[in-house]
Amino acid sequence: MKFLLTFLIFFIPLLAKSNLPISFEENGLYGFKNKSGKVIIKPQYQHVMDFTKESVSFVVSDNKWVCIDTKNKILLETFVYDNGPDYYSEKLARFVENGKFGFFDSHCKKQIPASYDFVFPFVNGFSIVCNGCKLQPEDEHSRIVGGKYGAINKTGKLVIPIQYEQIDSIDAKKKTANVTNNKTKITINFK
C-alpha cells in the first residue's frame with residue numbers, strides 16, 4: 001500500500017504535465033499543440049516558455065512578456081527582469097498594469113493590485129514600494145529615482161506609510177525599518 005501511494009504521488013503530476021500544450025515554431029513564430037499534434041494556439045508569439053503545472057505559460061506578444069492560459073487568454077503582463085518574466089520571491093512576482101505595479105501568484109492570479117509606481121520583490125514578508133518614482137535606464141539595466149517609499153506585507157496592507165525618501169532595511173522580527181526622512185537616517189517602528 002505504501003508503495004502504491006508513493007507511486008501515485010510521483011506519477012500523477014507527470015500525467016498532468018503530459019497533458020499540457022507543447023510549443024512549436026513555424027515561420028519564426030511560436031504556438032502550441034496538444035499531445036496529439038493538433039494546433040490549439042496558432043503560431044503568433046515571438047518567444048514562449050513551457051506551460052507550468054498550473055496551466056499557464058509566459059510568452060512574448062508585441063515585445064511584452066505576458067502570461068496566458070491554455071485557452072490563449074492573456075491573464076496579465078509581467079514585469080521584465082533579466083530579459084524574461086519577473087522571478088518569484090516568496091511565491092509572488094511583479095506585474096504591470098496601466099503603468100503601475102502589483103503582484104501575482106504562480107497561477108498568474110493578481111494577488112496585490114497594481115497601485116504603485118514601482119515595487120521591489122518580497123523579502124522576509126515585506127515589499128518596499130514607491131510612488132512618484134521612475135525607472136531610469138542606465139546602460140542595459142535601470143535604476144529607480146525619486147519618489148517616496150513605504151512598505152507592504154504579503155496581503156498588500158501598507159505597513160510603512162509612503163512618505164520616506166528611502167528605506168534602507170526592514171527588520172521583520174523587530175518590526176523596525178531604517179529609513180531616510182528629510183535627508184536624515186532614522187529607525188522607525190511599524191505594526
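What is the order of the strands in the open sheet of 4 strands? The order is β13-β14-β17-β18, with antiparallel pairing. Strands are DSSP runs of E of at least two residues, numbered from the N terminus, and two of them pair if DSSP finds at least two bridges between them.

Before continuing, note that this is a predicted model, in which local features need pLDDT of at least 70 and side-chain atom pairs count only at pLDDT 80 or more, while totals for chains, interfaces and linings use all residues. Residues are numbered from 1 along each chain as its sequence is written, and side-chain values use heavy atoms, with hydrogens and water left out.

Select 118–119 and 158–164 to display the edge strands, β13 and β18, each of which pairs on one side only. Next, select residues 126–131 (β14) and 148–153 (β17), which are joined in the antiparallel sense over 6 bridges. Within this pair, N131 has K148 of β17 as its bridge partner.

**S127**

Move to S127, which lies in strand β14. Is S127 buried or exposed? S127 counts as buried because its relative accessibility is 0%; buried means under 20% relative accessible area, exposed over 50%, and partly exposed in between, with a 1.4 Å probe and protein chains only. Its side chain reaches the backbone oxygen of F120 at 2.5 Å. Show the surroundings of S127: leaving out residues up to four places away in sequence, its contacts (heavy atoms within 4.5 Å) include F103, V119, F122 and I152.

**F122**

F122 is a contact of S127 and sits in the loop between β13 and β14. F122 counts as buried because its relative accessibility is 1%. Draw a distance between the C-alpha atoms of F122 and K154: the two are 32 residues apart along the chain and separated by 7.8 Å. Beyond its neighbours within four places in sequence, F122 also contacts, among others, S89, E90, L92 and I112.

**The pockets**

Which residues line the second largest pocket? Select F120, P121, V123, N124, F126, S127, I128, D168, S169 and I170. A pocket is an open set of points on a 1 Å grid over the protein atoms alone, with protein on both sides within 12 Å along at least five of seven lines; lining residues have an atom within 4 Å of a point. β14 and β19 (166–171) each supply at least two residues of this lining. The volume is about 160 Å³, taken as the space filled by probe spheres set on the points.

Now go to the largest pocket, with a volume of about 460 Å³. Its lining has 16 residues, and F79, V80, D82, H141 and S142 lie nearest its centre. The elements that give two or more residues to this lining are β8 (80–81) and β16 (141–145), and β16 provides the largest share, 4 residues.

**Two loop residues**

Finally, select K91, in the loop between β9 (84–85) and β10 (93–97). Its phi is positive, about 70°, although K91 is not a glycine. Most residues other than glycine have a negative phi. K91 counts as exposed because its relative accessibility is 71%.

End at N98, in the loop between β10 and β11 (100–104). The phi of N98 is also positive, near 55°. N98 counts as exposed, given its relative accessibility of 77%.

Terms used. A polar contact is a pair of N or O atoms within 3.5 Å; within protein, one must be able to donate a hydrogen and the other to accept it, and residues adjacent in sequence count only if both atoms are side-chain atoms. On a 1 Å grid over the protein atoms alone, a cavity is a set of points where a 1.4 Å probe fits but cannot get out, and a pocket is an open set with protein on both sides within 12 Å along at least five of seven lines; lining residues have an atom within 4 Å of a point.
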